Amino acid sequence: MTSNINKRKHQNEEDKTLKTFTFKLGGIHPEENKFSAGAAIERLAPGKEAYVPVSQHLGVPAKILVSKGDQVKTGQLLAQGEAFISANIHSPVTGKVKKIDQYPDQSGYKKTMVIIDVEEVDVWDDGIDPTDTVIREVPADKSMIIEKIKEMGVVGLGGATFPTHVKLMIPDGKRVETLLINGVECEPYLTADHRVMLERAEEMLIGIKILMKGLDVQRAVIGIEKNKPDAIAHLAGMVERFPGIEVAPLKVKYPQGAEKQLIKAVLNREVPSGKLPLDVGCVVSNAGTALAVYEAVQKNKPLIERVVTVTGKGVKKPCNLMVRIGTPIQALIDHAGGLPEEAGKVVSGGPMMGKALNSLEAPVTKGTSGILIMQQGETPRKEVANCIRCARCTVVCPMGLEPYLLAQQAKLEMWDEAEGDMIMDCIECGSCLFECPSGRPLLDYIRVGKSKVGHIIRTRKN
Ligand code: SF4
Ligand code: SF4
């Protein structure tokens, strides 16, 4: 490990910012509460029914190819992503299509799902290798890699669920030099990526190699916060066998897992307002996504399962589960010892950016990184008081915004002013909300403002 870290330090010795290995502007240090960090990934058996949404990704929902009564195999294509930004959806189980219906997803809104009566034994679709045998030789054909990732429905597993094959299609005139792998997992409580980096390191590194081939880059850097020393040591030892891949240990600071903050921390490059990582020569992908890429390309295995952390202060058995897509969240909670008596709310994701669930029957999707059960009173919204102009929200904002001002502009519907003050740059990290002593609902207002200003900008362009 030491040699790898020293190598990076040497490479970056002319850049003082890089030596700190973190982003500079704003950020906070919430309690980490990584209770499930030591829990090895367990496989959760599918339930009696699977609820498979046809939209689990950013972009256009996939077009359904099956009908009620159809028999489906595990990994069979259920719905095809036909638009440029869309993704294929595959059956996570073997069974019979019970119905295609509207059913509440994690947002609480009804969405189109394929509901399957599950049979106990998996019959895998033709060509899929579900074994643990590691296939090390990486294909050389860039377009075949991109096509296979598309075919297997791989999307970003860090939460954004952007289709991975689209990320690899670099527009003419743009150039990528570095692939950045996000192993930060800066949200408190969550440990799914941590376990992947420890337990599936070789496959993940092969997945990174495949992504490097797909992007035609010679360098990849895995950013990992120092609260995961075992993952840093493990991967730093292994990358000796993977030329071009480095490990960058990072200071612990939220929201370092956000793309722009990670790029600043690792590469010391600033992505300008309204621009993409691509504009500063890099593409960012998540550690879990690299594993999904490995399975897609080397094993012909579609994205039908993922690692989900189930955790919380009152949870009997905090765990990391390999779960089939479409499994009701209740089944995960049952496995972790059931809902604690003092349970307050259940959140999909982490406490900072996760969304409260209103039904535990909603299914796991490709973007479900964790299920967090918060105790009653664990996150009491402070009583809202007047803004005391302390500027703490501004100090912690990693995007250099003035959250108190943006919230006020949104409240007063001052859309031009909010646009001018860069409301669209807000990454909704919640740091301002976390820090505000007056309990101002800053992010609630800012989200409304972003939605309105975004609509105005889109209308202006059309
Ligand atoms: S939620 Fe938005 S405004 Fe608040 S700190 Fe994060 S980026 Fe800044
Ligand atoms: S942190 Fe809260 S009280 Fe302080 S300036 Fe911001 S909104 Fe006002």
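Student: How do the residues of the shell around ligand 2 divide into nonpolar, polar and charged?

Tutor: This is a predicted model. In the shell around ligand 2, nine residues are nonpolar, one is polar and four are charged.

Student: How many residues surround ligand 2, and which are the closest?

Tutor: Ligand 2 is surrounded by 14 residues. The closest are Cys-387, Cys-390, Cys-393, Tyr-404 and Cys-436.

Student: Let us turn to helix H12. Which of its residues are buried?

Tutor: The general idea is that an α-helix has 3.6 residues a turn, so residues three or four places apart point the same way. Helix H12 spans residues 403-411, and its buried residues are Pro-403, Tyr-404, Leu-406, Ala-407, Gln-409 and Ala-410. Their cover includes helix H11 (392-396), helix H13 (415-420), helix H14 (431-435) and helix H15 (442-461). Just after H12, Glu-413 adopts a positive phi of about 55 degrees.

Student: What is the order of the strands in the open sheet of four strands?

Tutor: As a general idea, strands of a sheet pair through backbone hydrogen bonds, either parallel or antiparallel. Here the order is E11-E10-E9-E12, and the pairing is parallel. Strand E11 (245-250) and strand E12 (282-286) stand at the edges with a single partner strand each, so one side of each has no neighbour in the sheet. From one strand to the next, the twist averages 25 degrees.

Student: How many bridges join strand E10 and E11?

Tutor: Strand E10, residues 219-225, pairs with E11 in the parallel sense over six bridges. Val-221 has Glu-246 in E11 as its bridge partner.

How values were computed
Residues numbered from 1 in each chain as written. Chains lettered and ligands numbered in written order. Predicted model: local features only at pLDDT ≥ 70, side-chain atom pairs only at ≥ 80, totals over all residues. Near = placed C-beta within 6 Å. Nonpolar A, V, L, I, M, F, W, Y, C, P; charged D, E, K, R; others polar. Pairing = 2+ DSSP bridges. Helix = DSSP H or I, 4+ residues; strand = E, 2+ residues; numbered from the N terminus. Axes fitted to C-alpha atoms, helices over the stretch in contact; angles between N-to-C directions. Buried ≥ 20, exposed ≤ 12 C-beta atoms within 10 Å, placed from the backbone. Contact = placed C-beta atoms within 7 Å.
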